[in-house]
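Please work through the exercises below with the sequence and the model open side by side, trying each task before reading its solution.

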Amino acid sequence: MNTPLNPTLARVTQRITERSADARGAYLASMAAQRKNGTQRGGMGCANMAHTTAALPASDKLKIHAERAPHVGVITAYNDMLSAHQPYEHYPELIRGHARALGATAQVAGGVPAMCDGVTQGAAGMELSLFSRDVIALATAVGLSHNVFDAALMLGVCDKIVPGLFMGAVQFGHLSTVFVPAGPMTSGLSNDAKAKVRQQYAQGLVGRDALLESEAQAYHSPGTCTFYGTANSNQMLMEIMGLHLPGSSFVNPGTELRELLSKAALERALANTGKTGEAAICMADIVSEKTIVNGIIGLLATGGSTNHTIHLVAMARAAGVLIDWDDFAELSAVVPLLARVYPNGSADVNHFHAAGGMGFLMQELLSNGLLHGDVTTVMGQGLAAYTNEPCLKHGALAWRPVSSQSGDTAVLRTVAEPFSADGGLRLLQGNLGRSVVKVSAVKPEHRVVRAQAVVVSDQQDLLALFNAGEINKDLIAVVRYQGPRANGMPELHKLTPPLAVLQDKGFKVALVTDGRMSGASGKVPAAIHLSPEALADGPIAKVMDGDWITLDCERGVLELEVDAATLAARSVSHPDLSHNAHGTGRELFGLFRTHASTAESGASPLFGDRP
C-alpha cells in the first residue's frame with residue numbers, strides 16, 4: 001500500500017506546477033520538437049559525416065555511418081587541479097572501450113571548465129566562481145550542439161560544475177542522459193580536527209606549517225572532499241533526482257565497484273535511447289516539477305549546501321520549472337533532518353555512505369510520504385530501484401535491498417527519530433530584505449543574535465579588524481557589495497574561522513551578507529544571499545556601524561532596528577568597485593555582472609528574472 005503524500009509536499013508541488021505552467025509548457029514543446037527531429041546523422045551531408053568520424057577507428061566509422069547502433073557523447077569536466085575530477089582522466093577510454101564491447105560508439109563531445117573553490121577561497125579567482133556555472137552550461141550546450149548523439153554522459157562532481165552540466169544538458173533534454181560520479185576520497189584527518197587547527201591558526205596559536213600539514217592530511221588523494229559541502233550535495237541531488245545510478249554517489253574512486261558502476265551508467269544511457277529494445281527515456285522525461293521538489297527535500301533532509309538555494313533555482317528554471325525560497329522554507333518546516341555530516345556533525349560522507357547512505361535516506365522519505373515516488377528516473381518508472389544499493393557479487397555488479405536499520409544512528413536516522421523535526425534551512429525576512437541561513441550546524445543557543453553592526457565592504461577588512469583585536473565583542477558582521485552584480489558573489493568561507501573564534505569566546509556573533517558562504521559553512525549563523533544586494537540599492541547599503549540588528553533563526557526574522565523614516569533619509573554612496581572589472585580575467589564577465597539576476601532567482605543571466 002502506498003503511503004499518502006505529505007499534504008505540505010503536495011500543496012507546494014501543486015503551487016510550483018501552476019506557477020510554472022507557461023514556462024514548462026514552452027520547454028516541453030521545444031523538447032518534443034527536438035525529439036521528433038532526432039539526430040542529424042540520417043540526413044547530414046557527407047562532408048559533415050566525415051568530420052564527425054574522421055578521427056575514429058574504422059570499426060566505429062562503419063557503425064556510425066550505418067546508424068545501426070547508439071552513439072554517445074561525453075561531456076567531461078576532467079582536470080587534475082580538482083581532486084574530485086582527477087579520476088575522470090581515464091573515463092573516456094573506459095567508456096569508448098565498453099561502448100565498443102556493447103556494439104555502440106562514444107566520443108568526447110566537449111570539455112567544460114572546472115575551477116576549485118578550495119584553491120580560490122579568499123582570492124580574486126573566487127569572484128569568477130558563480131559565473132563559471134553559466135560558462136559550463138554554455139560549454140555543455142556547445143559540445144552537444146553537433147547533434148550527432150543519441151545519448152550523453154555527464155562527467156562532473158563539484159560546486160558549479162554539476163549545476164552547469166545540468167543546465168546545459170537539459171537544453172538537449174531529448175537525449176538519453178546519465179550523470180556519472182567519480183566518488184569521494186577516503187577519509188583522512190577528521191573535519192573537526194581540521195576546523196580546530198584553522199581556528200588555532202586564526203588566533204596565531206599555530207604557524208603556517210602546522211596549518212598546511214593539517215589541510216594536507218584532510219585533502220590527501222583523488223576524490224571529492226569528504227565534508228558535506230556543495231560538491232557532495234550535488235551528488236545527493238543527482239541521485240535523489242534519478243539522474244545517477246542508485247547508490248553510486250559515494251563509492252570511492254579507484255575501486256572495482258566504482259569502475260563497474262561507470263560501465264553500468266553507459267549501459268543505462270544506451271538502453272534509454274530506445275534503440276536496444278527498451279523504452280526510451282530522455283532527460284526531459286526525468287526532470288519535472290516533482291523531480292525538482294524531490295531535490296529540495298533531499299537538500300533539507302541531509303542539511304545540504306545553501307549554495308543550492310541559488311543553483312537549484314537556476315537548474316529548475318532551465319527546464320521551465322519556477323521555484324523560489326518560499327518553497328524551500330515551507331518544505332523545510334515538514335522535512336526532518338535525517339543526516340549529520342560535517343559541518344552538521346563530525347562524520348564525513350564515507351561514514352554517511354557506510355551507515356546506509358542514499359538508499360536508506362530515500363527509503364525513509366518514501367515510506368513516510370516525504371518524497372514523490374511516481375517519477376521517471378534513468379532506471380525507469382518510480383524510485384523503488386533507489387532503495388537498493390550496489391555491491392560486488394562474484395566480481396560482477398549486483399544490487400541488494402538497503403537495510404531497514406541505520407548502520408550508525410549518530411550519522412543517519414529514521415523519520416521517527418530524526419536529528420531535528422524540520423530541515424536545516426531557514427528563510428529570513430525583514431526590512432533588510434530576504435536571505436537564507438543554514439541552521440542544521442548552528443547550535444540552538446546561537447540561533448538568535450541581537451547585536452550592533454560592524455560594516456565592511458570587503459572580507460579582507462573584517463579579517464584585518466579581527467587580527468587587530470578590534471572586534472572582541474558581540475557583533476553582527478555586515479559584509480556588503482558581495483552580490484552577483486558587485487563582484488560575482490564570491491564565497492566568504494575565510495570568515496568562518498575568525499567568527500567561530502569569537503563565538504567560542506562567548507560573544508554573540510553572526511554574519512549578514514549579500515555574498516555567499518561555502519557549502520561547508522556551519523556553526524556561526526550566517527544570513528547569506530541577501531536580496532536585494534547592496535549594488536542594487538538594497539537596504540544593506542544603508543546599514544551603519546553601530547546599528548542594532550536582530551537575526552532570529554527561530555522566527556525567520558532579519559531586522560535592522562532603524563525606523564523607516566530614518567532609513568529612508570540615509571543616502572547611499574556606493575564605493576568605487578572599478579577594481580572588480582580588472583585582473584584575473586574578470587573583465588570577461590562584465591556583461592554577466594551587469595545583467596545578473598538577484599540571488600533568489602538563481603543569480604544567472606542565462607534565464608532571466610522570474611516573472
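**Exercise 1.** How many cavities of 30 Å³ or more does a search of the whole structure find?

*Solution.* This is a predicted model, in which local features need pLDDT of at least 70 and side-chain atom pairs count only at pLDDT 80 or more, while totals for chains, interfaces and linings use all residues. Residues are numbered from 1 along each chain as its sequence is written, and side-chain values use heavy atoms, with hydrogens and water left out. A cavity is a set of points, on a 1 Å grid over the protein atoms alone, where a 1.4 Å probe fits but cannot get out, and the search finds six of 30 Å³ or more.

**Exercise 2.** Which residues line the second largest cavity?

*Solution.* Begin with its volume, the space filled by probe spheres set on the grid points, which is about 60 Å³. The lining (residues with an atom within 4 Å of a point) consists of Leu299, Leu300, Gly303, Gly304, Ser305, Thr306, Thr309, Gly424 and Leu425. Sorted by class, with Gly counted as polar, the lining has three nonpolar, six polar and no charged residues.

**Exercise 3.** In what order do the four strands of the open sheet stand?

*Solution.* The order is 2-1-3-4, with parallel pairing, where two strands pair if DSSP finds at least two bridges between them. Strand 2 (105-111) and strand 4 (176-180) stand at the edges with a single partner strand each, so one side of each is left without a neighbour in the sheet. Strand 1 (residues 71-76) is joined to strand 3 (residues 151-155) by five bridges, and Thr76 has Leu155 of strand 3 as its bridge partner.

Terms used
1 Å grid on protein atoms, 1.4 Å probe; cavity = no way out; pocket = protein on both sides within 12 Å on 5 of 7 lines; lining within 4 Å. Helix = DSSP H or I, 4+ residues; strand = E, 2+ residues; numbered from the N terminus.
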